[in-house]
Amino acid sequence: MQDSFLTYRDFLFLKAAGLVGLLAVVLYVGHTPMDVPNGGTWLGYGLGTVSFLLVLWLAWFGIRKRRYGSAKPLRGWLSAHVYLGSALLVLGTLHTGLQFGWNVHTLAYALMLLVIGSGIFGTVAYARLPRLVAANRGRQTPEAMVAEISSLDREARQAAMALDDRVTAMVVAASDRLELGGSLRRILSGREPSCRTAACIAHLEDLAAKGTLGLEEGAKLGTLVRLLYRKGELLHRARADLRYRALLDIWLHVHVPATALLIAALVAHVVSVFFFW
Ligand code: HEM
Ligand code: HEM
C-alpha cells in the first residue's frame with residue numbers, strides 16, 4: 001500500500017488519537033459525580049483546556065505549512081493533524097457534557113463540528129480525487145483538451161457547410177464559445193444542461209434516423225457526427241476535471257474561515273464562563 005499521510009508510519013497518529021480518545025472516555029465514564037456531566041468540573045476544565053490547545057495547534061498548521069514555502073502538505077504533520085483533529089471531536093464533545101443551548105458555548109461547539117466536518121471532507125477528497133483526476137486526464141492536460149476542442153470546432157464548421165442551414169447554424173452556435181465552467185454550482189455538477197454540442201448531436205441523430213438523406217449527404221453527416229462525438233467526449237472530460245479540482249479546493253474555503261471564527265468563539269466562551277459562572 002502506498003504510504004500516504006493516512007497510513008503514515010503504520011498509522012502512528014491514528015493509534016495515538018485512538019488512545020487519547022479512549023482515555024478521555026474512560027475518565028468521563030469513571031468521573032464522579034456523574035449525575036450532571038458538566039464543563040465546570042475538574043475533568044470538564046481539563047478536557048476543555050486540552051481541546052482549546054489542540055485547536056490552536058491544529059490552526060498553527062496553516063502557518064507551518066506556509067513557512068516551508070511549499071504547496072505540498074507535510075506528510076507527518078498532515079497525518080497528525082487529521083487524526084488528532086478527529087480526536088478533538090471526542091474530547092470537545094465530552095467536555096460539553098452534552099449540554100447545548102442557544103449560546104456562545106454551543107456556537108463554539110458548532111463551529112468546531114464545521115471545521116472537523118470540512119476537514120473530513122477534504123481528507124476524503126485528497127485520498128480519492130487525485131487518482132480520478134489522473135485517470136480522467138489520461139495523457140492529456142486540460143489545456144490540450146481545450147486545444148483539441150477548438151481544432152474540432154474548426155473542422156466541424158467546415159464539415160457542416162456541406163449540410164443544410166439549420167445544421168450549419170447549430171454547429172456555429174455550438175462552437176461559438178467554449179461551454180466549460182460557469183457558476184460554482186454548474187462546475188460542481190460537472191454537467192452543462194443546455195450544452196449546444198449535445199443539442200447539435202441530438203439533431204444530427206434525428207436527421208440520420210429519418211433516413212431521408214442521400215448517400216453523399218449521409219457520409220458528410222457521418223463525418224460531422226464523429227467530430228462532434230469526439231468533442232462531446234472531450235467536453236465531458238474537461239468538465240469532470242474542473243469538477244474534481246473544485247472539490248479538492250472548495251472545502252478549504254470552509255475549513256480556514258471557520259477556524260478563525262472558532263478561535264474567536266472559544267475566546268468568547270472562555271471569557272464568558274470565567275466572568276459569569
Ligand atoms: C474546543 C474547545 C471548547 C468547546 C467546543 C467548548 C464548548 C462548551 C460547551 C458547548 C459547553 C456547554 C455550555 C452549556 O452548559 O450550555 C461548555 C461548558 C463549559 N466550558 Fe467549554 N468549550 C471548550 C473549551 C473550554 C475551555 C478552554 C474552558 C476553560 C478553560 C472551558 C470552560 C467551560 C466551562 C467552565 C463550562 C461549564 C459551563 C457550565 O457550567 O454550564 N471550555 N463548553
Ligand atoms: C478544530 C479542528 C481543526 C482546525 C482548527 C484545523 C485547521 C486547519 C488549518 C488552519 C489548516 C491549513 C489550511 C491552509 O492554510 O491551507 C488545515 C489544513 C488541513 N486540515 Fe484541518 N483543522 C482541524 C481539523 C481537521 C480535521 C478533523 C481534519 C480531517 C479529518 C482536517 C483536515 C485537514 C487537511 C486535509 C488539511 C490540509 C490542507 C492542505 O494542506 O492542503 N482538519 N486545517
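What percentage of contacts in the protein chain between residues at least 6 apart in sequence join residues at least 24 apart? The figure is 79%, where a contact means C-beta atoms, placed from the backbone, within 7 Å.

**Figure 1. Overall chain of the predicted model.** Local features need pLDDT of at least 70 and side-chain atom pairs count only at pLDDT 80 or more, while totals for chains, interfaces and linings use all residues. Residues are numbered from 1 along each chain as its sequence is written, with chains lettered from A and ligands numbered from 1 in the order in which they are written. The protein chain has 10 helices and zero strands (DSSP runs: H or I of at least four residues for helices, E of at least two for strands, numbered from the N terminus). Its C-alpha atoms fill a box of roughly 90 × 40 × 30 Å along the principal axes.

**Figure 2. Radius of gyration and burial in the protein chain.** Buried residues make up 25% of the 277 (buried: 20 or more other C-beta atoms, placed from the backbone, within 10 Å of the residue's own).

**Figure 3. Crossing of helices α2 and α10.** The axes of α2 (residues 42-67) and α10 (residues 252-276) come within 11 Å and cross at roughly 150° (lines fitted to C-alpha atoms over the stretch in contact; angles from 0 to 180 degrees between N-to-C directions).

**Figure 4. Residues joining α2 and α10.** From α2, F52, V55, A59 and G62 meet V256, T259, L262, I263 and L266 of α10. Seven of these contact residues are nonpolar, two are polar and none is charged (nonpolar: Ala, Val, Leu, Ile, Met, Phe, Trp, Tyr, Cys and Pro; charged: Asp, Glu, Lys and Arg; polar: the others, Gly among them).

Technical notes
The radius of gyration is taken over C-alpha atoms; the globule rule is 2.2 Å times the number of residues to the power 0.38. A residue is buried if 20 or more other C-beta atoms lie within 10 Å of its own, exposed if 12 or fewer, and partly exposed in between; C-beta atoms are placed from the backbone. Two residues are in contact if their C-beta atoms, placed from the backbone, lie within 7 Å.
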